[in-house]
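Please open the model in your viewer and keep the selection tool at hand. The stops below are meant to be taken in order.

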Amino acid sequence: MSIDLFVFRRVLCLGLFPGFLLTPLAAKDYYVAPNGSDAAAGTEAAPFATVQGGQQAAAPGDTVFIRGGTYRMAEAQIAGHVGPYACVTLLDKSGATGKPINYWAYPGEHPVFDLSQVKPRGQRVTAFRVNGSSLHLRGLEGVGVQVTIATHTQSICFDNEGSDNVYEQLSMHDGMAIGLWIGAGSNNLVLNCDAYRNHDSVSEGGRGGNVDGFGFHGHTGSVHNVFRGCRAWFNSDDGFDFINSDEAARAEHCWAFYNGYSTDFASLGDGNGFKSGGEAGRRVNQLPDPIPRHVVIDCVAVHNKANGFYANHHPGGIEWLNNTAYRNHINFNLRGRDPKDNRTIIPGRGHRLKNNLGFAGGEEVAEIDAAACDAGDNYFNLPVTITAEDFLGLDEADLVKPRKPGGSLPDVPFLHLAPGSGAIERGVDVGLPFRGKAPDLGAFESGG
Ligand code: CA
Ligand code: CA
C-alpha cells in the first residue's frame, strides 16, 4: 500500500481522524424515561417518554436506553393497527446487518411496561409489535396486557414478524396475553426470557385456552428461529407451542412448568410444557411439505397439567434430545396423525428420541410407535430404574430462582443427577457436548 494509505489507516486505528468526518458513522445513544417527553432531544438529561419516540430518532447501529421505572401505557399511545391488533408500541424501523438498533434497559435498571389500562373495545392488543428486522430488545418487562373480546381472540405481549431480531432477558407476566409470539421471520433468537402467570380470563369463558408462554407459528420461509434459556410457568394454556407452523423451530435449554393451571392449580387450558408440533385443523392438501421437524434439546418440563413433551397430533417426526420430564400427567406423549389424511390419530412415527430422562409422571411415555421411530437410549426403554435417589435435588422452588448475572438460568441442583445414578453415561453421542465417556440421560450433564 502507499504511504499515504498506510498513514490514513494508522490514523484511523489510533482514533485520530478528525471528529467531523467520523461523526456520521458514529452510533448514537438515545434515552427514554418515565418522566421524559417525546418532544425532548432524547439525551440522558432530556429523555424521550416512549420507546416509540426512541424509534423515531434511532438509526441502524444506535442504542435506545430505557430507564427504570413503570411506564403506564394509555390507549392514546396506541401507535398503530395491524389487522385486528391495536399495537401499543410498533417497531417498524429496521436496523441493518451488523448494525442493529438496540432497545436496551439502562444498565442496572428495570423498565416495566404496564398495559393494564389499555383496553380498546373490540380490538386485540399487542404490547410490542416488531415488524422491523435487525433489532435487539433487552431487559424489558411487559405486564398486564388485556383482552377485551369475549369470543375467540388473543392478545400478545411481544409479537415478532421481522428477521434477525434478538429478544433477550424480557419478562412477560401477569397479563392476559401470549408472552412472546413469532408469527413470521427468520433467524430470530429468543434468549433468556421469562413468561409467567398469563391467563386470559375474559374470552371464551375464561379458560385461557390461547395463552401460551412462547409461540412459534411461522409461515413458509420462517427458518432458524430459536428459543434458548427461556422459562414458562403458570401460563393458562401451554408453555411453548409450535402448532400450525410451516417451518421448524428449536427450543434448547428451556424450562416449562405448571402450565395449564392457575396459581392455585385450578385447571385452565391445555397444559403442555412443550407442545412441539401439530397441524390439526389443516386439510391434508394444506400440510407443509416437508412436515416441519421441530427440535427440542436439553429442555425441562415439570408438573404441567397434561403432557411434559407433546407431539400434539404432529403428522411427522420431531427431534427430542436430552430432555428431562418430571411429574407431568404424561411425561412424553408422541401422539400423531396419519399424514395421509391428517385426521386419523396414530401413535407417533418418525421421531428421534435420544437420551431423554423422566421421573414420577402420571404416565412416563405414551402413544409412540417405537418401531417407526429412532427411540432407543431413553429412560423408558433402557434397563434403568429412576427413583428420587437419582437426583441431587427435587425442590421445585429451584425453578423460579433468579437468573444469573447476564441472564442465564440459575445453577440449581434440581433434577441434576446424583453421583452413582444409573442415568449417568447411559446416553449416546447425538452431536451435543457431553462430559466423560458418554452423554448422561436428561438435560443436565453430571460431573461439572
Ligand atoms: Ca396453546
Ligand atoms: Ca457423561
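This is a predicted model: local features need pLDDT of at least 70, side-chain atom pairs count only at pLDDT 80 or more; totals for chains, interfaces and linings use all residues.

Residues are numbered from 1 along each chain as its sequence is written, chains are lettered from A and ligands numbered from 1 in the order in which they are written, and side-chain values use heavy atoms, with hydrogens and water left out.

**Calcium site.** Select the calcium ion (ligand 2) together with E425 (OE), R435 (O), A438 (O), D440 (OD) and E445 (OE), its protein donors, which lie 2.2 to 2.5 Å from the ion. Donors here are N, O and S atoms within 2.8 Å of the metal (3.2 Å for Na, K and Ca), and because water is not among the atoms, sites may look incomplete. Along the chain the donors follow the spacing E-x9-R-x2-A-x1-D-x4-E. Colour E425 by accessibility: with a relative accessible area of 26%, E425 is partly exposed, a class between buried (under 20%) and exposed (over 50%), using a 1.4 Å probe and protein chains only.

**Strand pair.** Next select residues 29–32 and 63–66, strands β1 and β2, which pair in the parallel sense over 4 bridges; strands are DSSP runs of E with at least two residues, helices runs of H or I with at least four, numbered from the N terminus, and pairing requires at least two DSSP bridges. V32 has I66 in β2 as its bridge partner.

**Pockets.** Now display H253, H416, A443, F444 and E445, which lie nearest the centre of the largest pocket among its 33 lining residues. About 700 Å³ of space lies in this pocket. A pocket is an open set of points on a 1 Å grid over the protein atoms alone, with protein on both sides within 12 Å along at least five of seven lines, and lining residues have an atom within 4 Å of a point; a volume is the space filled by probe spheres set on the points, which are joined across faces, edges and corners. E445 also belongs to the calcium donors.

Finally, move to H110, G139, Q169, S171 and R403, nearest the centre of the second largest pocket, which 25 residues line and which holds about 450 Å³ of space.

Note on methods:
On a 1 Å grid over the protein atoms alone, a cavity is a set of points where a 1.4 Å probe fits but cannot get out, and a pocket is an open set with protein on both sides within 12 Å along at least five of seven lines; lining residues have an atom within 4 Å of a point.
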